Amino acid sequence: MLSNFSQLSERKQAGPPLAVLTCYDYPTARLLDEAGVDLLLVGDSLGMVVLGLPDTTGVTMEDMLHHVKAVARGVSRVPIIADLPIHSYTTPELALRNASRLIEAGAQAVKLEGGVSVIPQVRAIVGAGIPFVGHIGMLPQNVVVEGGYKKKGKTPEGAALLLADALALDEAGACACVLESMVAEVAETITKQVKMSTIGIGAGRACDGQVLVTPDLLGSFPWFRPPFAKARSDIASETLRAVREYIADVQSSTPA
Ligand code: KIV
């Protein structure tokens, strides 16, 4: 069980792999903390699985702050990573200002998407003493620009770009990095070459840890689930059952 980010390098060496989940609200934070997850991520997947947006590109700093505060109220032990949403880190100054706001709201680390192209932002955040988590591979904030969610690292050139991103983030002081939707062998190569902990999602089993979007794990967002995400419960069906039972119960009673 992890209690702060300085324990990451020891875990990378000695294991076991990190079990990371996303979280957006108080009751789920209490349950995930009690269950013993290693890290919580208040991800901008918030946009889809909580706010009903088509993708993460509509998520704002105000949305993130609201949900980071709720999650922080529910946590007694597990460290929280918060996502910097799209447009919130276009310059190093803006990145640092918004990272500080997320920390004040209750996060212990911040994450943003990109590699070589965001190193000045990463250096500003790390230089201020804020633990930083990178995110490379398939970048959900790029979905509109790229016209869809595409697996990365399929060509030697693509794999080399991913490795260059990972090495740059490692060198800039990232303590961990999400590797999203990339060829498993590329994720394995990166994991072996960096000091930071790699946290995979759709990137094979060789990473230093795995992250899942919690509604995918619980089966509470049944309308879309990525193929690599195994649902271990069916909260959607159970919700429908309980609500239909309640409706039937209320409607079967005769008004006085
Ligand atoms: O926003 C998010 O939930 C994420 C995970 C998919 C890693 O960034």
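# Pockets, ligand and cavity

Visitor: Which element provides the largest share of the lining of the second largest pocket?

Guide: A pocket is an open set of points on a 1 Å grid over the protein atoms alone, with protein on both sides within 12 Å along at least five of seven lines, and lining residues have an atom within 4 Å of a point. Elements are DSSP runs numbered from the N terminus, namely helices (H or I, at least four residues) and strands (E, at least two). The largest share of this lining amounts to four residues, and it comes from β1.

Visitor: Which pLDDT do local features need here?

Guide: Residues are numbered from 1 along each chain as its sequence is written, and side-chain values use heavy atoms, with hydrogens and water left out. The model is predicted: totals for chains, interfaces and linings use all residues, side-chain atom pairs count only at pLDDT 80 or more, and local features need a pLDDT of at least 70.

Visitor: Which elements give two or more residues to the lining of the second largest pocket?

Guide: The volume of this pocket is about 490 Å³, a volume being the space filled by probe spheres set on grid points joined across faces, edges and corners. Its lining holds 21 residues, with R205, Q210, V211, L212 and R232 nearest the centre. The elements asked for are β1 (18-22), β7 (197-201) and β8 (209-212).

Visitor: What are the class counts in the lining of the largest pocket?

Guide: The largest pocket holds about 590 Å³ of space. Among its 30 lining residues, M48, M138, E180, V213 and P226 are the closest to its centre, and α3 (46-49) and β6 (176-180) each contribute at least two residues. With Ala, Val, Leu, Ile, Met, Phe, Trp, Tyr, Cys and Pro taken as nonpolar, Asp, Glu, Lys and Arg as charged, and the others, Gly among them, as polar, the lining has 15 nonpolar, seven polar and eight charged residues.

Visitor: How much of the ligand's accessible area does the protein cover?

Guide: A polar contact is a pair of N or O atoms within 3.5 Å. Oxygen atoms of the ligand lie 3.1 Å from a backbone N or O atom of D44, 2.5 Å from a polar side-chain atom of S45 and 2.9 Å from a side-chain N or O atom of K111. Of the 260 Å² of accessible area (Shrake-Rupley method, 1.4 Å probe) that the ligand has on its own, the protein covers 95%.

Visitor: What is the volume of the largest cavity?

Guide: A cavity is a set of grid points where a 1.4 Å probe fits but cannot get out. The lining is formed by V20, L41, I81, K111, V133, V178, I199 and V211, of which seven are nonpolar, none polar and one charged. The largest cavity has a volume of about 30 Å³.

Visitor: What is the omega of the cis peptide bond between G15 and P16?

Guide: Most peptide bonds are trans. P16 belongs to the loop between α1 (8-14) and β1. The cis bond that joins G15 to P16 has an omega of about -5°.

Technical notes. Polar contact = N/O pair within 3.5 Å; in protein donor to acceptor, adjacent residues only side chain to side chain.
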